[in-house]
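I opened this entry to note what I looked up about charged pairs and the nonpolar surface. My notes follow the order in which I searched.

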Amino acid sequence: MAGIGVRLNQIYGKNSLLADFVGFAYSTAITVAPMFLVILDILLMGLVLEFDSVAYLERELFSCTVLYVFIFSMLTTSPFNAVLSKYMHDVIYEERYEDILPCYYMGLFLAFCLSGLLAIPFCLWEYFVGKVAVFYVFVGFCCYMLLVLVIYSMIYLSACKDYQLISIFFLCGLAVAFVAALILRFLLHWSISFSMLSALMLGFFLIAVLEYVTIKRYFKKNSNRYSAVLVYFKNAWQLVATNFLYTLGLYIHNFVFWTTDMRIVVARSFVCNQPYDMATCLAMFTNISATIIFTSRVEMYFHEKYRVYSEAVIGGKAADIENAKKRMFRKLSSELMSLVRVQFIISVVIFLLCLVILPQVGFAGIILRIYPSLAAGYFILFLMYAEILFLYYFKDLRGVVATALSFCFVTFLGSIGASYLGEIWYGVGLVAGAFVGWTVAYMRLRWMEKHLTAFVFSQGRLIKHRKTEAPTSMVYCRYEENTDSH
């Protein structure tokens with residue numbers, strides 16, 4: 001998210017309490033605000049439409065539909081986010097703006113194909129086996145595909161540096177969704193759950209339209225060079241693997257616990273584990289501020305050190321390069337330690353508040369027994385993600401793949417083992433996976449600190465690589481020369 005540092009420096013530069021509050025609010029708006037807006041909108045619709053009065057089966061069907069829409073839209077867009085973001089930044093750097101629309105359309109086509117391959121068979125099963133009404137299945141499918149489009153288009157708005165527009169679009173779309181839910185329920189007399197799901201679909205549709213219009217406003221020319229995007233996918237497969245494995249690791253422990261005896265099966269189609277899923281949600285919110293803190297501090301402080309080092313590499317002396325590198329890694333270590341200290345304090349405070357407040361509003365028992373270990377796991381997980389982003393800075397693709405793979409694999413195996421333990425240990429799989437991933441990323445950062453200069457200067461190529469028939473190895477033939485002379 002390079003580029004927001006200037007704005008943050010302008011805000012925090014005023015050195016006042018109000019400036020600190022505005023800076024934190026701005027960081028929140030460009031990182032996690034869309035997610036919070038969706039959750040708030042669903043809660044408000046449920047409160048006004050009296051969702052608690054709905055029959056248990058209908059209520060669980062709506063909850064599972066929304067859960068699946070969000071989880072699998074994140075999963076199916078994850079293989080494309082990082083690689084297409086990198087492709088766009090390369091294109092913008094080379095000022096080939098006409099290649100961005102081909103990138104957008106090709107990536108969208110691939111994302112829709114992958115999403116459809118998962119969603120269509122499931123929806124058919126939901127209708128024919130689960131006996132869910134066809135209109136309900138269709139609206140749920142539309143919600144899913146529209147959210148895929150929304151999440152995918154956010155990459156391009158980020159490239160345009162219009163981070164705040166994303167939150168504004170979500171605010172507008174979800175406000176329309178709330179009003180639509182009231183109209184569908186009280187004027188058209190639709191069922192409560194169907195009104196809420198249809199309203200969400202309309203909200204996602206409006207957000208997707210606003211995002212698409214903005215993208216078309218920024219990028220008007222189309223070079224029609226679609227094959228270049230596919231070639232880029234092949235060359236940057238590490239980015240595809242890393243983002244997918246990291247996103248899969250976020251949910252794979254949930255998938256494991258969906259297979260245990262605690263699972264709930266709705267309409268013979270949806271599977272979930274309510275206590276574990278709710279504890280996961282609470283643990284994530286306990287540590288979500290790490291994303292905001294990291295974005296603010298890295299953009300304000302580390303990015304400047306990285307820029308100085310890059311300029312030294314381009315035209316500085318060896319001593320200048322080494323000094324810039326040392327200052328950059330000192331700042332990196334400082335920011336990681338600051339993130340750990342600040343986030344630890346915030347997580348402990350939120351954790352204690354949850355233990356006091358949640359039992360008063362009905363969240364107690366098994367949820368609070370699972371919650372502590374998951375909160376510890378997400379604390380380490382967000383620290384690991386910060387290290388992954390630092391590795392992205394240094395273009396260590398091998399390191400990020402190793403980190404994401406170890407995190408996902410150990411989380412999967414650890415969660416299988418944890419499912420046989422007591423409830424208080426259910427989150428141990430996530431703790432183990434996040435810790436192993438953090439360790440791998442830390443070791444790669446230490447390796448980069450020792451070998452960064454050699455790594456940077458070995459990236460260039462004197463001769464352009466191409467595939468063709470190798471030339472003959474013969475350089476000189478004395479006998480052929482004598483034959484020609486006669």
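**Salt bridges and a surface patch**

I began with Asp90 and Lys86, whose side chains meet in a salt bridge at 3.0 Å, N to O; I keep in mind that this is a predicted model. The two residues are four apart in helix α4 (residues 56-93), so about one helical turn separates Asp90 from Lys86. I looked up their accessibility as well: Asp90 is partly exposed at 24%, and Lys86 is partly exposed at 32%.

Next I turned to Arg225 and Glu98, which form a salt bridge of 3.5 Å, N to O. Arg225 sits in the loop between α8 (192-218) and α9 (227-235), while Glu98 sits in the loop between α4 and α5 (100-128), so this pair ties together parts that are 127 residues apart in sequence. Arg225 counts as partly exposed at 39% relative accessibility, and Glu98 does too at 28%.

In helix α13 I found Glu322 and Lys325 three residues apart, about one helical turn, with a salt bridge of 3.4 Å, N to O, between their side chains. Glu322 is partly exposed at 29%, whereas Lys325 is buried at 8%, because buried means under 20% relative accessible area. I also noted a network in which salt bridges with shared partners join Glu94, Arg96, Glu98, Asp99 and Arg225. Over the whole structure, my search gave nine salt bridges.

Last, I looked at a nonpolar surface patch of about 810 Å², whose members include Phe344, Val348, Leu352 and Leu355. Leu355 belongs to helix α13 (residues 318-357) and is partly exposed at 34% relative accessibility.

How values were computed: Residues numbered from 1 in each chain as written. Predicted model: local features only at pLDDT ≥ 70, side-chain atom pairs only at ≥ 80, totals over all residues. Heavy atoms only, no water. Patch = residues over 30% accessible without salt bridge, like charges linked within 9 Å, V, L, I, M, F, W, Y side chains within 5 Å. Areas by Shrake-Rupley, 256 points an atom, 1.4 Å probe, with all protein chains shown as cover. Salt bridge = Lys/Arg side-chain N within 4 Å of Asp/Glu carboxyl O. Buried < 20%, exposed > 50% of the residue type's maximum accessible area, 1.4 Å probe, protein only.
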